[in-house]
Amino acid sequence: MMENLRVGFLGAGGFASHTIYPALHFAPIALEAICDIDLSRANRNATKFGGGATAYSDRYQMYKNENLEAIIISMGPEPRFPLVMEALEAGYHVFTPKPPAVSLTDTLKLAEATRVNNRKLMINFQRRFSLGVRSALNIINTDDFGKISQIFCSFCSGPYNTPQDYLLDFAIHHFDLIRYLGGEIKTIATFHNQIDNKGSFAVAVEFESGAVGNMQLNCQRLWGRNYDRIEITGQNQYIVLDGLWKIDHYTEGKNTFTDNFSDQRNGELTGDGLSLTEFVTAIREDRQPISNIEDCLETMRLYDAVLQTQQGGPTIVSLEK
């Protein structure tokens, strides 16, 4: 049994209230305080999720009055960056959604701040903790699966304001997942198409292991359905994840099909609850969490390379250091 982590929450908007707040009860967390510029929203979430949490509209008052160990920050990436930096420098561990910042340059600044202040910063790439990805990793790590030879990722959405917004807010999940499943990337080749400010990207990937992969990414589809699809090919077997909750495992001797659509916003299926638990566990064990800021730097380098192609940069980019 771990001691509950004493947490303050910055942000009580619709997205946070729909995703992270409902997952808090899966983790050993004591939600002590909630701060939002709209005090009525903070009060609403304190009543609904807080179990006695104090509501604030001034974060400095929250920092002053509360004995907190960590801060959860949930809002857009542009206002998020200075708040994450401020919390780290104030001595708090931080849990925040992806991306940690709007650029690779600012992400490097956050990585430096975690080192200087000796704090943990976890980026909530919750799909790493989803039912499908956890199941896939268990299969991949067996001797029977063999070495990964190829990975295909498809992650498409409805329209965004700009292709850059789509890459940073949506596609970045699969920039992270393809690395998490296949290992670090050596080279990418990117081609893109743009119609009415909606972008499509075809990204070919060469892993350091020698495996290859490709990513289908676009914001030219419709909202309102599951968009994740991942295919992982080993030497003797392959896995198909559809929506990250439907897992098809194909082998020579037996095929296994697993469906679980009982609750598409359940913190155990989506990974939010397990991601929060990993954050607490890493702090209590004094180690870096899975999906820490140093690891996230590599995801942001991949994002930045694809973005540069969209903005007229080179088609083929080496990511080797």
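A: Glutamate 231 is partly exposed, with a relative accessibility of 27%; here buried means a relative accessible area under 20%, exposed means over 50%, and partly exposed lies in between, computed with a 1.4 Å probe on protein chains only. This is a predicted model, in which local features need pLDDT of at least 70 and side-chain atom pairs count only at pLDDT 80 or more, while totals for chains, interfaces and linings use all residues. Residues are numbered from 1 along each chain as its sequence is written, and side-chain values use heavy atoms, with hydrogens and water left out.

The partner of glutamate 231 is arginine 229, and their side chains meet in a salt bridge with an N to O distance of 3.1 Å. A salt bridge is counted when a side-chain nitrogen of Lys or Arg lies within 4 Å of a carboxyl oxygen of Asp or Glu. Side chains of opposite charge can pair when their charged atoms come close. Arginine 229 is also partly exposed, at a relative accessible area of 30%. In total, the structure holds 21 salt bridges.

Another of these pairs brings together arginine 284 and glutamate 69, at 2.9 Å from N to O. This pair links distant parts of the chain, 215 residues apart, since arginine 284 belongs to helix α10 (residues 272-285) and glutamate 69 to the loop between α4 (59-65) and β4 (70-73). Helices (H or I, at least four residues) and strands (E, at least two) are DSSP runs, numbered from the N terminus.

Within helix α11 (residues 293-310), glutamate 298 and arginine 301 stand 3 residues apart, which separates them by about one helical turn. They form a salt bridge whose closest N and O atoms are 2.5 Å apart. Glutamate 298 is buried, with a relative accessible area of 16%, and arginine 301 is partly exposed, with 27%. Elsewhere, salt bridges that share partners join Arg128, Asp176, Arg179, Glu184 and Asp295 into one network.
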